[in-house]
Amino acid sequence: MDELPDSEQLKAIAEAVAADWGLELGKPFALSRYSYVAPVSAKAVLKVAWAGDDESLHEAESLVVWDGDGAVRLLRSDPSRRALLQERARPGTDLSVLPEAQAVAAAVDVARRLWRPAAEPFRWIGDVVPGWLDAGERDGDEGSELVPLARELLDSLEVGRSLLIHGDLHHHNILSHGDRYVAIDSKAMLGDPEYDVPSFLWNPLSYRMTDRARTEERIAAFVDAGLDDFKIRAWTVIRAAYLGAEPDVAALIRSLVR
């Protein structure tokens with residue numbers, strides 16, 4: 001998703017929604033790129049998604065399914081304006097501040113809570129990923145050299161379609177909330193739980209995925225939680241092919257299945 005939203009337009013929508021709902025907007029959070037996200041109280045956050053962000057199309061429905069178990073709770077929504085009033089995670093620190101072993105354990109615990117049976121209206125990843133690969137190859141983005149291998153791997157997979165997955169499960173989308181951790185910012189779809197692992201492998205933002213030993217340890221933790229080792233590796237190649245990867249990172253990712 002290369003195009004960025006009009007931040008002033010998103011802010012105006014957020015202000016209008018806040019006024020309608022009797023809320024007072026605080027300062028928006030720094031890591032919000034495709035949405036306007038700001039606290040409205042000590043217990044709630046208002047999020048307005050960009051109309052062009054179709055990946056988060058069913059975020060509200062996913063929060064209803066999870067109902068506070070593994071993710072923040074949905075308090076109110078306005079689908080016509082892509083507005084969500086969500087429970088605020090407090091203290092809200094993300095996994096990037098934790099030692100590696102603790103961050104991995106917390107991510108696995110949250111992920112296992114989120115992966116649960118679901119159906120419509122969620123889209124199936126098998127319907128959308130081929131188009132994303134086409135776009136990545138056409139645009140020549142970093143990582144696009146992985147596209148032929150990614151297509152080969154995708155063709156070899158029997159892609160699940162009965163489980164709800166988060167779609168963007170990484171350190172900065174898992175926050176502390178009391179004595180537990182919860183997910184935010186879902187790109188919810190139906191598919192393999194292994195699809196969720198790559199985002200964690202190449203995060204946090206301060207980390208570059210060039211450490212083979214750390215990568216293997218992270219994969220092993222998710223395999224120990226019941227996931228398929230090959231599917232984790234295959235989805236890592238597939239997702240890097242359209243999301244982008246610098247040459248040395250792409251080389252490590254390619255080696256995961258060779």
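**Helices and a sheet**

Guide: Helices α7 and α8 cross in a right-handed way, meaning that the near helix is turned clockwise from the far one by less than a right angle. Helices (H or I, at least four residues) and strands (E, at least two) are DSSP runs, numbered from the N terminus. This is a predicted model: local features need pLDDT of at least 70, side-chain atom pairs count only at pLDDT 80 or more, and totals for chains, interfaces and linings use all residues. Residues are numbered from 1 along each chain as its sequence is written, and side-chain values use heavy atoms, with hydrogens and water left out.

Visitor: At roughly what angle do the axes of α7 and α8 cross?

Guide: Axes are lines fitted to C-alpha atoms, for helices over the stretch in contact, and angles run from 0 to 180 degrees between N-to-C directions. Helix α7 spans residues 212–224 and helix α8 residues 229–243. Their axes come within 9 Å, and the crossing is at roughly 130 degrees.

Visitor: Which residues in α8 does α7 meet?

Guide: Contact means heavy atoms within 4.5 Å. From α7 come Arg212, Glu216, Ile219, Phe222 and Val223. In α8 they meet Asp229, Ile232 and Arg233.

Visitor: In what order do the 3 strands of the open sheet lie?

Guide: Two strands pair if DSSP finds at least two bridges between them. The pairing here is antiparallel. Strands β6 (116–117) and β10 (189–190) are the edges, each pairing on one side only. The order is β6-β7-β10.

Visitor: What is the bridge partner of Ile165 in β10?

Guide: Strand β7 covers residues 163–165. It runs antiparallel to β10, joined by 2 bridges. In β10, the partner of Ile165 is Met189.
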